[in-house]
Amino acid sequence: MNIAVTGATGYIGNRLLRAARQAGYPVLALSRRAVAQPGVAWRAYDLADAGPLVLPADITTIIHLAADTASAAVAPEVEAHAARRLIDAARAIGADVVFVSSQTARDDAPTQYGRTKWCIERMVLEAGGWIVRPGQVYGGPAQGLFGVLCQQVHRLPVLPAFLPAPAVQPVHVDDLVQALLRYRQAPPASLLCIADPIGIGFTDFLRAIARGRTARSPLAVPVPTALVNAAAGLLGPARASRLGLGRLRSLFALPAMDTVADLQCLSLTLRPLHAGMSRSGLARRERLREGRALLSYILRDTPPPSLVRRYARAVEALRPPDAVPLLPVWALRRPARLAWLDGISGSDAAWAAELSWRLDAALMLAEATPQGARRFLGLGRPAGPCRSTLRIAWAIGADLLRRISQVALRPWLSRAVRRKAGT
Amino acid sequence: MSTSLDADVIIVGSGPAGVSAAFPLLEAGWRVLMVDGGQEATLSLPAGSLFDLRRTDPDQWRWMVGHQFHALRQADAVSPKLRAPTHAAVFDGFAAANRIIADDFIAAGSLAPGGLSNAWGCGVACYTHDELAAFPAPAARHMAAAYQRIATRIGISGGQDDDLSDFFGVDDWADAPTPLDPLQARLYAGYQARRPGLHARGFRLGRARVAVLTAPRPHRQPCDLSGTCLWGCARGALYAAAHDLAQLRGHPGFQYRPGFLVERVQAQGDTAVIMGRSAQGAGTLRARRILLAAGTLATTRLALQAIGHRQPVSMQSCPTAAFMLWQPRFLGRSPEAAFGLGQLSFSLALPDATQGFGSLFNPSGIPVTEFARHLPLARRYGVDLLSSLLSSCTVGNVFLPGALTQASLQLDPDDCLIARGAYSDQVAPLMAHAHRQLRASFLRLGAILIPGSFTIGRPGSDIHYAATLPMRTHPGPAQTTDLGELPGAPRVHIIDGAALPILPAKSHTLTIMANADRIARDMAVL
């Protein structure tokens with residue numbers, strides 16, 4: 001694929017460029033601000049540009065991200081015209097159009113934003129293009145609506161708990177970007193809803209931001225949605241929009257999306273919510289500390305920082321979050337003591353399964369380094385039958401000792417595990 | 001009339017069966033259109049000696065674990081191959097795209113050009129005369145010549161006069177084998193000295209016959225024992241249908257449409273059509289004949305849908321087990337890279353006239369983690385143990401005949417294909433017998449079958465699926481003629497594993513290819 005991206009400097013655009021380059025696709029960035037990245041060509045582009053748009057003939061795909069998300073500075077007709085221009089440009093060179101719409105898109109949406117998106121969707125579908133409706137996008141740098149929410153959560157002493165509670169369906173920005181790059185797995189004129197199939201309460205979503213991004217657990221204060229609606233009515237549409245009440249209200253009216261079939265169609269598995277939230281120094285530091293301990297335990301040596309970071313990234317990408325750090329302090333301080341926890345049974349089963357997964361991850365990642373190869377394959381050290389016999393006997397002896405310790409220390413270990421498992 | 005046709009024949013799938021049928025049809029002057037899932041690999045194969053790469057490449061995690069942590073995501077998959085990031089494009093998305101639902105069964109297939117042959121074990125064997133007796137007579141008659149054509153085209157090695165020559169039946173066309181590693185060389189030498197006793201036990205050992213080059217061919221280099229077999233061979237020494245596809249694409253009568261996913265097949269008057277979708281949208285393609293070579297599972301779904309068959313059809317799949325051997329005399333040997341696929345093979349005579357078959361592998365080309373995860377030791381001590389032990393070990397697998405898996409495929413009301421299956425009651429005692437027989441036989445050869453290492457795989461984990469639409473002299477419902485033609489859907493031919501009448505315990509790919517070649521050749525003279 002040879003991709004042109006509008007809105008290439010935005011929240012999603014930035015991540016899309018990165019992923020497209022990593023996948024080896026040539027990219028043409030279309031944006032107001034210049035993009036200077038290796039492997040990315042740039043062309044000035046504004047939603048409000050007039051006149052026909054001519055794109056290089058080798059472009060196979062146009063991903064349309066550019067949108068006016070907040071300021072209402074761009075009139076809806078302008079956005080619709082911009083979409084028409086892109087569709088025409090795509091038709092001229094036989095390229096696909098992928099339009100990133102919104103969960104709020106509806107012909108009777110409460111916001112102009114949602115109605116405009118709906119109009120553009122019709123145009124793109126008619127032209128045989130693809131529509132991607134993301135849920136609540138989060139993760140990565142604090143930009144876009146996610147950035148606004150991060151800011152608010154950071155600023156507010158308490159979190160609003162709206163009643164009745166609206167639900168959001170989160171999707172990590174990097175998962176959304178993967179969906180965009182896989183659009184061809186779906187037939188043309190498809191409408192693809194990309195978000196977690198199961199929604200979570202908006203307050204829980206804010207709480208996840210608080211925990212992951214600011215390492216706080218602020219109190220939630222109930223706010224009746226009727227109150228917000230009333231305030232919006234009193235203030236009038238212009239002032240309500242400036243205060244962000246319009247967006248808030250469209251959240252209350254968010255239709256639930258059925259995403260299971262679309263995710264399956266794109267063979268996409270979304271990462272769990274907290275994976276994207278764990279950029280806060282605290283959660284990340286905790287992971288690095290854990291990785292250093294597990295990898296030292298496996299490697300019998302200090303792991304290189306790049307390997308520790310890779311471990312942290314893997315856990316963040318693939319695992320649910322922990323309420324408390326997984327490992328007790330005594331294991332973090334002396335990784336050799338992890339042997340007492342390795343293969344432990346009879347304690348908390350979920351905790352043991354999680355530790356087992358992470359030990360296996362550390363094992364796999366540790367092996368895939370030059371240092372790991374030497375250790376795992378026994379390269380570059382004196383061999384011979386006597387040495388090997390001793391080493392094997394020693395390994396079996398050490399494991400026997402571990403088993404004895406696990407029995408002897410059972411009450412103490414069980415208590416430590418229970419504390420970590422939160423049961 | 002023929003101007004309204006997209007081609008004379010459309011072949012669905014570019015795997016071993018599809019490419020094998022394309023050659024004879026092109027020779028006969030037919031216009032051939034081949035479609036496949038078009039899912040290309042994005043990761044290049046590790047090039048060079050595995051141990052050099054492992055020792056020095058700081059980015060080895062990219063092909064060992066994967067940029068998106070593919071190996072971790074696939075942690076529960078049944079085979080290391082399914083975890084190899086270089087094979088992600090081979091296996092990913094197959095079941096969803098082809099609407100296959102596995103119910104407690106391993107159901108794998110491929111959307112990649114070249115299909116599952118991108119990641120196969122390269123084992124090759126002919127069906128014996130007795131095994132071919134299950135084929136309709138005209139089919140059985142033409143198989144010998146077809147075997148020869150395929151074997152010469154793809155390039156196979158391992159041929160030598162040994163106790164498995166008749167079992168494999170490919171020696172006339174096979175190059176010299178790759179050199180044995182010291183461990184297996186020792187086993188083989190021991191076997192030569194103790195043959196009579198082992199024969200009496202029903203154990204026969206010989207070289208594995210594999211589709212691996214030991215002599216150069218155009219665009220492919222011979223095996224240099226670099227040891228990267230698990231991830232795919234950057235030298236092209238391991239046969240993959242993608243090699244043939246590249247050659248076919250140079251032929252003027254050949255058209256190729258990657259990324260066209262077939263959703264439905266239909267016979268219409270004196271033509272046949274496929275309906276599917278691609279990046280350009282939904283499409284219909286029309287030809288005089290359609291050959292289904294999408295892999296047994298996907299082919300069966302399209303075929304059952306075409307004839308409206310909603311009853312379950314039975315499927316064969318070989319029950320499988322794996323084990324590890326330890327040769328104490330090699331303890332303390334320095335590890336070195338070796339050929340990673342089968343070096344020696346064995347056949348086992350089991351009770352009730354059942355024949356088992358298996359191969360032995362050098363473990364140096366498999367990540368140590370694959371073993372350490374399953375040891376009953378704490379990981380740290382497991383790695384300690386394996387780093388000293390593995391260089392004196394050999395891994396083995398064993399297969400039983402496919403009829404011993406009671407598997408079935410059935411179309412549900414939404415036209416999804418449900419795959420179910422379980423081992424028959426005979427499998428447990430037969431495997432126990434095989435275990436004892438292997439332990440005793442290898443002990444005589446100086447190798448200890450490590451206690452606790454003999455592990456029976458889950459149903460379907462062999463990824464050898466066959467015989468869902470078997471060829472019969474007088475085909476019944478959901479059975480096919482000697483040309484693989486479905487009585488309910490004329491002009492639609494089944495040419496992959498689905499059409500095989502039986503699946504003995506041996507590598508069946510060469511037979512699938514030979515059968516596809518034979519059907520295409522017989523069809524061309526119709």
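Modeller: Of the 526 residues of chain B, 63% count as buried, where buried means under 20% relative accessible area, exposed over 50% and partly exposed in between, with a 1.4 Å probe and protein chains only. This is a predicted model, in which local features need pLDDT of at least 70 and side-chain atom pairs count only at pLDDT 80 or more, while totals for chains, interfaces and linings use all residues. Residues are numbered from 1 along each chain as its sequence is written, chains are lettered from A and ligands numbered from 1 in the order in which they are written, and side-chain values use heavy atoms, with hydrogens and water left out.

Chain B has 18 helices and 22 strands, these being DSSP runs numbered from the N terminus (helices H or I of at least four residues, strands E of at least two). The C-alpha atoms of chain B fill a box of roughly 75 × 50 × 45 Å along the principal axes.

Turning to the rings, a search of the whole structure finds 24 aromatic pairs over all chains; rings of Phe, Tyr and Trp (its six-membered ring) pair if their centres lie within 6.5 Å, and planes under 30 degrees apart count as stacked, over 60 as edge-to-face and the rest as tilted. One of these pairs is formed by W120(B) and Y239(B), which is edge-to-face because the centres are 6.3 Å apart and the planes stand at 85°. The two residues are 119 residues apart, with W120(B) in the loop between β3 (100-103) and α8 (129-132) and Y239(B) in the loop between β6 (203-207) and α13 (241-248) of chain B. W120(B) counts as buried at 12% relative accessibility, and Y239(B) counts as buried at 1%.

F167(B) belongs to helix α10 (residues 165-168) and F357(B) to strand β14 (residues 354-361) of chain B, so the pair ties together parts that are 190 residues apart in sequence. Both count as buried, F167(B) at 8% relative accessibility and F357(B) at 3%.

The face of F167(B) also has K506(B) over it, at 4.5 Å from the ring centre; a charge sits over a ring if NZ of Lys or CZ of Arg is within 6 Å of the ring centre and within 35 degrees of the ring normal. R288(B) likewise lies over the face of W30(B), at 4.8 Å from the ring centre. Finally, ring pairs link Y188(B), Y191(B), F203(B), F323(B), F346(B), F442(B) and F454(B) into a cluster.
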